[in-house]
Amino acid sequence: MAIYKIHLLVCGGTGCRASESAAVVESLRASLTAAGLSDEAQVVATGCFGFCEQGPIVKVMPDNTFYTGVTPADAAEIVAEHVLKGRQVARLLYTDPQHKTPVSDAKQMGFYRKQLRVALRNCGFIDPENIDEYIARDGYAALATVLSDYSPRAAIDVVKRSGLRGRGGGGFPTGLKWEIACGRQADRKYVVCNADEGDPGAFMDRSILEGDPHSILEAMMICGYCIGADRGLIYIRAEYPLAIHRLEVAIGQARACGLLGADIMGTGFDFDIELRYGAGAFVCGEETALIRSMEGRRGEPTVKPPYPAESGYRGQPTNVNNVETFANIPVIFLKGADWFAGIGSERSKGTKVFALAGKINNVGLIEVPMGITLREVIFEIGGGIKDGKRFKAVQTGGPSGGCLTEKHLDTPIDFDTLLAAGSMMGSGGMIVMDEDDCMVSIAKFYLEFTVDESCGKCAPCRIGNKRLYEVLRKITLGHGTADDLEYMRNLSTVIKDTALCGLGQTSPNPVLSTLDNFRSEYEAHIFDHKCPAGQCKALKHYFILPEKCTGCTACARSCAVNAIVGERRQAHSIIQNKCIRCGACIEKCKFEAIQVN
Amino acid sequence: MDSVNYNEREAPAGSSNGAGAGLKACQVQAIKNICQSFHNDEGELINILHKTQEAFGYLPPEVQAVVAGELRIPAAKVYGIVTFYTFFTMQPKGKYPISVCLGTACYVRGSEKIVEALKKELDIDIGGITPDGKFSIDSLRCVGACGLAPVMLIGDRVHGRVDALHIKDILAQYP
Amino acid sequence: MATVKNPIPTNQNLQSAINNMKLTIDNKPIDVAGGTTVYEAAKQAGIIIPRLCYLNLETLGIENKPAGCRICVVEIEGRRNLAPSCATLCADGMIVKTSSPRVLNARKTVLELLLSDHPKDCLICPKSGRCELQNLAVCLGIREIHAVENAEVSTYRKDHSPSIIRDMDKCVMCRRCETVCNTVQTVGALSAVNRGFMAVVAPAFEQDLQDSPCTFCGQCVAVCPTGALTEVDHTSRVIRALADPTKTVVVQTAPAVRAALGEEFGMAPGTLVTGKMVAALRQIGFDYVFDTDFAADLTIMEEGAELLARLRRMLEGDRKVKLPILTSCCPAWVNFFEQNYPDMLDVPSTARSPQQMFGAIAKTFLADRLGVRRDNLVVVSIMPCLAKKYECRRNEFKVDGNPDVDFALSTRELAHLIKEANIRFNTLPDEDFDAPMGESTGAGVIFGTTGGVIEAATRTACELFTGRQLERVDFQELRGMEGIRTASVDFNGTPIHIGIAHQLGNARKLLDGIRAGMYHFHAIEIMACPGGCVGGGGQPLHLGNADVIRARRQALYREDAQKPLRKSHENPCIQQLYSEFLDHPLSEKAHRLLHTRYFDRSVKIER
């Protein structure tokens with residue numbers, strides 16, 4: 001970022017690209033050229049800023065002005081006003097939803113104020129397709145230090161002292177994992193980066209890979225040096241074409257600079273990295289299944305032990321870490337283990353990236369210190385619940401996690417507290433639900449996911465989850481019975497206790513946590529045949545208030561199944577067993593005569 | 001890689017026994033070239049199937065059988081892989097394949113309604129293809145554009161904040 | 001994906017895998033060697049943990065333990081989850097509970113789940129009474145299965161091949177068949193396909209077995225715990241033929257059957273029941289009870305003559321002669337090489353298998369003698385094999401559409417037939433086979449075990465080659481249970497190199513070695529099943545128990561030793577057959593009736 005006075009950073013993450021941020025880049029460049037400012041200002045397509053709700057986002061540096069919802073048509077105005085005259089384009093500034101005032105400086109926005117960006121430190125700052133920009137922000141300096149100043153054991157010790165725990169979900173201490181792999185004797189060892197981010201609603205790994213691919217390569221090399229491996233493999237979902245492209249570019253540039261390959265930095269250390277693609281199987285996020293998939297086999301998990309550290313890819317010791325875990329490694333070496341250990345809670349150090357989604361105002365990607373409370377995340381960073389509705393629950397940990405409620409809002413978030421609350425950290429998905437969400441349906445949604453994604457190897461997951469799903473479906477159809485709850489609880493417990501892999505062992509969590517926290521909702525479905533959130537179609541009951549009905553026949557004409565009867569100018573009525581609860585009549589009625597409960 | 005026009009097939013895809021039956025010599029060669037570019041390594045089977053599907057659009061039995069023959073592995077094994085991973089398909093896709101995201105973020109923001117609207121508008125089911133071969137509908141789990149929920153993909157293009165009422169207009173953009 | 005990980009073992013407790021260790025199972029202290037699984041340790045302590053998918057296929061040298069059924073789970077102190085005992089190694093100081101209330105509840109719940117996705121037609125299931133799933137349900141006292149409204153069951157198209165019926169609705173995903181088909185036999189007809197609830201084991205594209213590379217060896221049937229894989233049952237058709245007054249029904253019994261049939265009636269493995277079997281068959285109503293051993297002797301005459309002819313040409317310096325000669329009496333092996341070694345189709349002997357030689361002679365020579373028209377003579381064979389069902393339907397073995405052998409029943413089907421006929425098998429008096437096709441030598445008997453065919457051939461070929469009486473008839477060097485064996489036999493100064501393989505995976509290794517020029521043999525015997533026909537896919541289920549196979553083999557060697565005649569060419573009925581009908585081995589008539597040809601059935605890639 002040397003010679004230009006002004007930098008226009010345009011978010012080039014998947015979310016903003018879907019809202020045509022690439023066209024914004026083009027028209028900004030065209031406007032600069034037209035204004036003769038090509039030498040003054042530079043347009044940079046960066047990784048994700050995190051504030052996906054408001055995309056496409058353009059950030060003007062050095063004054064940190066944050067424009068939201070920018071269209072290609074706005075480019076000329078930004079150039080003419082801001083770049084040329086130094087005046088902010090007020091109408092594109094972010095408006096604080098609480099104070100209704102425009103905020104220009106990103107640092108002052110509620111969304112960013114409480115964030116601490118460690119893993120995401122470069123996302124939104126650098127052009128991810130340019131290795132020089134990474135190097136300019138101390139990229140590969142950690143690798144250089146480790147290779148020249150540390151023995152493998154000493155470097156592992158730094159990671160251990162930092163307290164870093166695996167960000168893929170389990171929270172296993174990273175340094176310990178490296179130490180075990182380091183201790184194995186073998187002809188060849190492998191470093192694997194698990195980029196098979198599959199939790200629905202989670203996209204932190206994708207953002208890191210899209211916004212800062214070199215940090216992952218650097219970390220994998222450090223890991224390779226520590227455990228004695230010379231091969232790295234990145235297992236990435238085929239659904240992430242942009243991330244794949246940026247990794248390919250990054251690997252090519254690193255090789256060209258001599259940072260990947262033989263005799264790196266003249267230290268005699270060899271390391272190279274290849275990509276392996278997933279093909280649409282959630283279970284491949286489990287490390288033994290991931291390894292089998294990389295070997296060209298069905299992604300079926302295997303019993304541990306043996307652990308990958310003993311016998312992994314092609315039977316060799318293999319260290320598997322996830323993207324976010326790796327993203328923390330270079331900083332730990334640059335700023336020190338003590339600095340990292342100074343962030344976060346007692347047993348969970350550092351920060352965690354979360355993907356905030358659902359019924360929340362500020363949907364996006366955030367990074368916060370461990371130990372922050374759910375309330376801070378949802379109401380300060382997330383800006384509260386959409387449309388002023390009431391908060392009901394937040395689901396963390398994806399299909400393996402559980403739903404937390406109002407009473408958990410002030411719980412500090414870390415690996416252990418979430419587990420204790422009946423959920424888990426997972427990879428960092430955080431879906432917020434409001435009063436309109438039916439918790440039975442949510443549990444059903446997650447079970448449907450698990451049933452779809454079960455590999456079918458072990459009986460409890462293959463059949464048990466199917467049966468759990470079927471009971472939940474039955475309850476949402478209003479056919480639930482009293483013993484269903486007992487049956488589900490026992491079945492869930494047994495599945496947790498007996499399933500082969502992490503997917504199966506955690507799959508009943510959405511059921512158990514909703515049973516614990518929202519039992520009354522289940523009971524309402526079963527005993528009162530009512531869905532308190534009004535979501536379960538089969539439990540909806542449409543009826544006409546005779547005193548309000550004018551007999552206009554509009555509703556009867558709109559009914560596809562002829563369930564509404566009545567003479568013209570007489571009050572109509574709905575034949576319940578014919579009604580398919582499509583809601584068409586309600587939309588047609590001008591007199592609010594049709595009610596639903 | 002050269003794209004192979006699969007419509008050049010000479011015989012219907014009925015018989016599955018003879019590998020390459022119903023394929024033109026150049027198509028068989030194209031598959032072999034893909035296998036060889038991965039050194040006929042069985043461990044690269046998934047990458048090979050990705051490339052083959054890229055070239056052919058889908059993976060019918062005769063194509064899988066050629067891959068199996070070239071890698072010297074049982075066809076049953078290839079089929080076992082193809083049916084395990086949802087990314088692989090044995091059905092041809094439309095000219096404009098539609099994928100609706102059914103991830104959690106999209107689900108809570110109403111992606112099911114989009115599926116219903118699409119099904120109604122195109123008169124096909126999930127996994128189906130319109131008779132003119134123009135559109136096919138599939139679902140997928142999270143493209144990671146949760147900020148734009150609900151989301152659907154048509155080809156490579158992401159349509160965000162989709163409203164079920166506007167499905168018709170969106171489809172009209174595809175000639 | 002988010003996963004919960006168990007603690008990774010430290011180097012210290014990995015070390016302990018080598019040493020002896022002490023653990024407690026159900027309050028019993030026990031010492032085991034390092035590397036022992038909890039399942040095995042419990043067995044040593046006298047506790048048999050219920051299990052479904054796990055199978056130690058000792059005879060095949062492999063274990064099937066996908067740890068998928070989760071029936072054998074146990075509670076291990078300090079672990080959060082229950083552990084599958086089959087796939088969990090013992091550790092020093094481990095405290096294991098194999099039937100705590102928590103374990104029992106889990107085991108029962110999982111079994112109920114399996115049953116909830118299983119047809120309930122046990123009454124008419126071919127596996128009823130011998131089904132491992134049914135046994136578990138009995139054992140664990142399952143009395144009801146929680147009925148979930150509109151619960152889905154996974155259903156698949158039923159596949160009727162000539163030998164094997166696949167009814168995958170009954171599959172429990174134990175993966176035993178997949179392991180046997182791929183790892184042991186290297187046939188590769190079966191693989192796990194689909195995923196989740198619809199996951200199942202199937203041929204490629206879920207095509208019929210008949211269109212797949214399946215060889216019909218039937219080893220998948222032999223290990224299937226449920227009724228998912230069973231043999232095609234022809235007993236009803238045989239009963240119908242027996243009831244038809246216009247038909248003359250003759251039966252032939254393969255050598256391996258007599259060494260195993262008794263097991264179906266509670267006798268110890270290896271009990272020879274030749275005489276009882278003959279008596280039972282007669283009582284069931286067969287008009288003539290003959291012995292496939294007779295045809296085995298005939299096979300030796302033809303195959304031995306072929307071997308000698310090729311050897312002589314080789315010794316005369318003919319470089320084009322095809323050696324080694326491969327035996328061809330195993331139909332699964334014939335299917336295997338037709339699919340996998342089309343470049344070597346001229347290597348195997350052209351001699352038909354004993355079953356088919358018997359059929360061809362029965363429907364010509366015997367029919368003529370009995371004055372019965374060919375289509376009124378029904379030939380039934382009792383075989384330890386399922387591929388024989390397919391073999392007898394091959395077009396080469398039909399005359400005007402009428403097969404030489406009409407029905408091939410497995411040993412198991414014969415046992416059913418005997419039970420059906422209400423015969424008290426164990427108390428039957430011994431009876432003898434009928435003449436002339438019941439007469440056999442010891443050489444014919446040992447066809448049923450690995451190494452037996454080549455030993456029988458050696459006895460005859462050596463005597464005919466050297467023109468001298470053998471000093472010893474037993475060739476111990478050809479006997480054994482190793483998957484691949486080699487030996488040299490001295491033919492009057494000429495060393496004859498012999499290779500022997502059983503199980504198709506070993507056959508593949510041997511053949512690939514020959515193709516690569518690693519081995520040089522004059523003759524090779526190959527059998528598809530473990531231990532040869534005694535371990536055939538149609539035998540009483542041995543479930544991988546090596547002792548059972550060993551006992552059956554010993555029984556055959558015992559019968560051989562007891563026979564007055566031990567060499568095929570000494571069989572007077574065979575000599576008579578040649579003098580009256582066939583002329584001499586490899587004659588034009590012998591070629592027409594007793595030899596066959598092979599077809600390239602490999603999957604073609606080029607057009």
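This is a predicted model: local features need pLDDT of at least 70, side-chain atom pairs count only at pLDDT 80 or more; totals for chains, interfaces and linings use all residues.
The contact with chain C is built from 39 residues of chain C and 54 residues of chain A. On the chain C side, helix H3 (residues 101-116) gives the largest share, with seven residues. The class breakdown for this side of chain C is 22 nonpolar, 11 polar and six charged residues.

Turning to chain B by itself, its secondary structure consists of seven helices and four strands. Going along the sequence, these elements follow the pattern α-α-α-α-β-α-α-β-β-β-α. Chain B has 175 residues, and 51% of them count as buried.

The strands of chain B show up in an open sheet of four, ordered E2-E1-E3-E4, with mixed pairing. Strands E2 (135-140) and E4 (157-159) of chain B sit at the edges with a single partner strand each, so one side of each has no neighbour in the sheet. From one strand to the next, the twist averages 25°. Within this sheet, strand E1 (residues 96-101) of chain B runs parallel to E2(B), and six bridges join the two. One of the residues involved is Cys101(B), whose bridge partner in E2(B) is Leu140(B). Helix H6 (residues 111-122) of chain B lies across E1, E2 and strand E3 (152-154) of chain B, and its direction is at about 150° to E1(B).

Chain A has an open sheet too, here made of five strands in the order E9-E10-E8-E7-E11, again with mixed pairing. Its edges are strand E9 (261-264) and strand E11 (318-322) of chain A, each of which pairs on one side only. The twist from one strand to the next averages 25°. Strands E8 (residues 231-236) and E10 (residues 269-277) of chain A pair in the parallel sense, over six bridges. In that pairing, Leu233(A) has Glu274(A) as its bridge partner in E10(A). Helix H13 (residues 323-335) of chain A packs on this sheet, where it touches strand E7 (190-195) and E11 of chain A, and its direction makes about 90° with that of E11(A).

Elsewhere in chain A, two helices cross. The axes of helix H7 (residues 152-162) and helix H10 (residues 213-227) of chain A come within 8 Å and cross at roughly 125°. Pro152(A), Ala155(A) and Ile156(A) make the contact from H7(A), meeting Ile222(A), Tyr225(A) and Cys226(A) of H10(A). By class, this contact has six nonpolar residues, with no polar and no charged ones.

Helix H7 of chain A also contains Val158(A). This residue counts as buried because it has 21 C-beta neighbours inside 10 Å, where the cut-off is 20 or more. Leaving aside residues up to four places away in sequence, Val158(A) touches Ile332(A), Phe333(A) and Ala337(A). A further pairing involves Asp338(A): its C-alpha atom and that of Val158(A) are separated by 8.9 Å, although the two residues are 180 apart along the chain.

A last stop in chain A is helix H21 (residues 509-517), which is mostly covered, with eight of its nine residues buried. Those buried residues are Asn509(A), Pro510(A), Val511(A), Leu512(A), Ser513(A), Thr514(A), Leu515(A) and Asn517(A). They pack against one strand, E15 (402-405), and against the helices H17 (439-453), H18 (459-476), H19 (482-498), H20 (502-506) and H22 (519-527) of chain A.

Methods: Residues are numbered from 1 along each chain as its sequence is written. Chains are lettered from A and ligands numbered from 1 in the order in which they are written. A residue is buried if 20 or more other C-beta atoms lie within 10 Å of its own, exposed if 12 or fewer, and partly exposed in between; C-beta atoms are placed from the backbone. Axes are lines fitted to C-alpha atoms, for helices over the stretch in contact, and angles run from 0 to 180 degrees between N-to-C directions. Two residues are in contact if their C-beta atoms, placed from the backbone, lie within 7 Å. Ala, Val, Leu, Ile, Met, Phe, Trp, Tyr, Cys and Pro count as nonpolar, Asp, Glu, Lys and Arg as charged, and the others, Gly among them, as polar. Two strands pair if DSSP finds at least two bridges between them.
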